Amino acid sequence: MGTKFDVSSEKQASVPRFFYNQLTVKPVTVQGVSLAGKTALVTGSNTGVGLETSRQLLDLGLSKLILAVRSEERGQTAKTKLSAGRNLSDDSIEVWKLDQADYDSVIAFAERTKSLDRLDIVVLNIGIGNATRVFNSKTGHDEMIQVNYLSTALLAILLLPVVKEKRTAQGGPSRITIVSSEVSAWTAFKEKKSFPLLESLDQKNANVDPLDRMMVSKLLGQFFLVYLASIVPPSVVVINAASPGSVHDSEFNREHDKTFSGKIAKFVMRQLANTATVGARMITDAAVKHGQETHGEFLSFQKIVPLAPIIYTTEGKKISEQLWKETKEELAFANVEKILKTTISD
């Protein structure tokens, strides 16, 4: 992380700064890029930012799009929407099942990507924001940690040998963009001193604010991004993260929207937040507009900015090492250690 920023991580993490940018910065439509002949994969792409990112990639001439969705029926509906007004062959857009609440589904999905001739762009967009505490029935993990962090990490690692193998056909490395958020810097992360971390986050009798737990899940994703990018060279794959900012017409907060406070927040969001179309411009930008300078970096409002301040601290380095150790242990069933060693030996 040798990037020089024009703002400190503490100032970047300021809530007022975020809303100032939200109100004053108008993300531009990505132009001047041709994706003709290329293949992209977008997870959580049947609605919201994922759907609009998919649309924008097609607008740039993308030749093949994989919609990775939990509901294949809703995925087919999204395919119909995206195909409207375009002269596409039937196999230009494919709907593949992916349920990040289920490790087996993640493994099966990653295995299927080996059948692709190329995989130029990967956007890991799937995320949930539960209004109440939910635990995964198979793993016992907090569901937001499971979906937003652990399964995203597993998929990213499983895709490494796939994109490495596709480099020759593509003429260069793939891009993996993880959809992150500025809220990563807004959590106090009260479990940060409680090792093992994952066990601490899974305590069923803990007094947990679901909104804060979502923020923690996004912070874990930033720790993962930095560590993974530090060991996987950009010559293999360029890995970055980006935020769509505040979006008022996404389904991410659909559970919160049903509550009284959520309805009030939704009203306020309509005044301050962007549409999913505008938010997706920032994800598309990160996925196609930048080069190796974004490897291991976070983009906010189409600009490389510091990650959450804790990541740059001595404490953050200890947390990073611990989280990486626990993540590898959690995902050992998928032979992630071997995958990483093979990928690193470029």
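These legends accompany close-up views of a predicted model.

**View 1. Helices α5 and α6 pack side by side in a right-handed crossing.**
Two packed helices are described by the angle between their axes and the distance between the axes. Here α5 covers residues 103–112. Its axis and that of α6 come within 9 Å. They cross at roughly 25°. Angles under 35 degrees count as roughly parallel. The two helices, α5 and α6, are therefore roughly parallel to each other. From α5, the contact uses Y103, V106, I107, F109 and A110. From α6, it uses Q146, L150, S151, L154, L155, L158 and V162. How do these residues of the contact of α5 with α6 divide by class? The contact has 10 nonpolar residues, two polar and no charged.

**View 2. Helix α6 also meets helix α13.**
Helix α6 spans residues 143–170, and helix α13 spans residues 336–344. Their axes come within 10 Å and cross at roughly 40°. That makes α6 oblique to α13. The crossing of these two helices is left-handed. On the α6 side, look for L154, I157, L158, L160, P161 and K164. On the α13 side, look for V336, I339, L340, T342 and T343. By class, eight residues of the contact of α6 with α13 are nonpolar, two are polar and one is charged. L154 and L158 of α6 belong to this contact with α13, and L154 and L158 also take part in the contact with α5.

**View 3. Helices α3 and α4 cross in a right-handed way.**
Helix α3 runs over residues 48–59, and helix α4 over residues 72–83. The axes come within 10 Å. The crossing angle is roughly 35°. L51, S54, R55 and L58 of α3 make the contact with A78, K81 and L82 of α4. Which classes of residue does the contact of α3 with α4 have? Four are nonpolar, one is polar and two are charged.

**View 4. E330 touches residues from elsewhere in the sequence.**
E330 is found in helix α12, which covers residues 314–330. Leaving out residues up to four places away in sequence, E330 touches Y103, H141, L150 and L198. Now find L197. How far apart are E330 and L197 in sequence and in space? They are 133 residues apart in sequence. In space they are 12 Å apart, C-alpha to C-alpha.

**View 5. The largest cavity holds about 130 Å³ of space.**
The structure has three cavities of 30 Å³ or more. The largest cavity is lined by 15 residues. Nearest its centre lie N148, T152, I178, V179 and G221. Helix α6, strand β5 and helix α8 (210–231) each supply at least two lining residues. Which element gives the largest share of this lining? The answer is α8, with five residues. By class, the lining of the largest cavity has eight nonpolar residues, six polar and one charged.

**View 6. The second largest cavity has a volume of about 70 Å³.**
This cavity is lined by 14 residues. Q12, E182, A185, F298 and P306 are the closest to its centre. Eight residues of the lining of the second largest cavity are nonpolar, five are polar and one is charged.

**View 7. The second largest pocket has a volume of about 210 Å³.**
Its lining has 14 residues. Closest to the centre are K38, D120, P173, S174 and R175. Strand β5 (174–179) and helix α11 (276–288) each give two or more residues to the lining. Six residues of the lining of this pocket are nonpolar, five are polar and three are charged.

Most residues other than glycine have a negative phi, and most peptide bonds are trans. P196 lies in the loop between β5 and α7 (197–201). Next, turn to Q302. Q302 sits in the loop between β7 (298–300) and β8 (303–305).

How values were computed
Residues numbered from 1 in each chain as written. Predicted model: local features only at pLDDT ≥ 70, side-chain atom pairs only at ≥ 80, totals over all residues. Heavy atoms only, no water. Axes fitted to C-alpha atoms, helices over the stretch in contact; angles between N-to-C directions. Helix = DSSP H or I, 4+ residues; strand = E, 2+ residues; numbered from the N terminus. Parallel < 35°, antiparallel > 145°, perpendicular 65-115°, else oblique. Left-handed = near helix turned anticlockwise from the far one by under 90°. Contact = heavy atoms within 4.5 Å. Nonpolar A, V, L, I, M, F, W, Y, C, P; charged D, E, K, R; others polar. 1 Å grid on protein atoms, 1.4 Å probe; cavity = no way out; pocket = protein on both sides within 12 Å on 5 of 7 lines; lining within 4 Å. Points joined across faces, edges and corners; volume = space filled by probe spheres on them.
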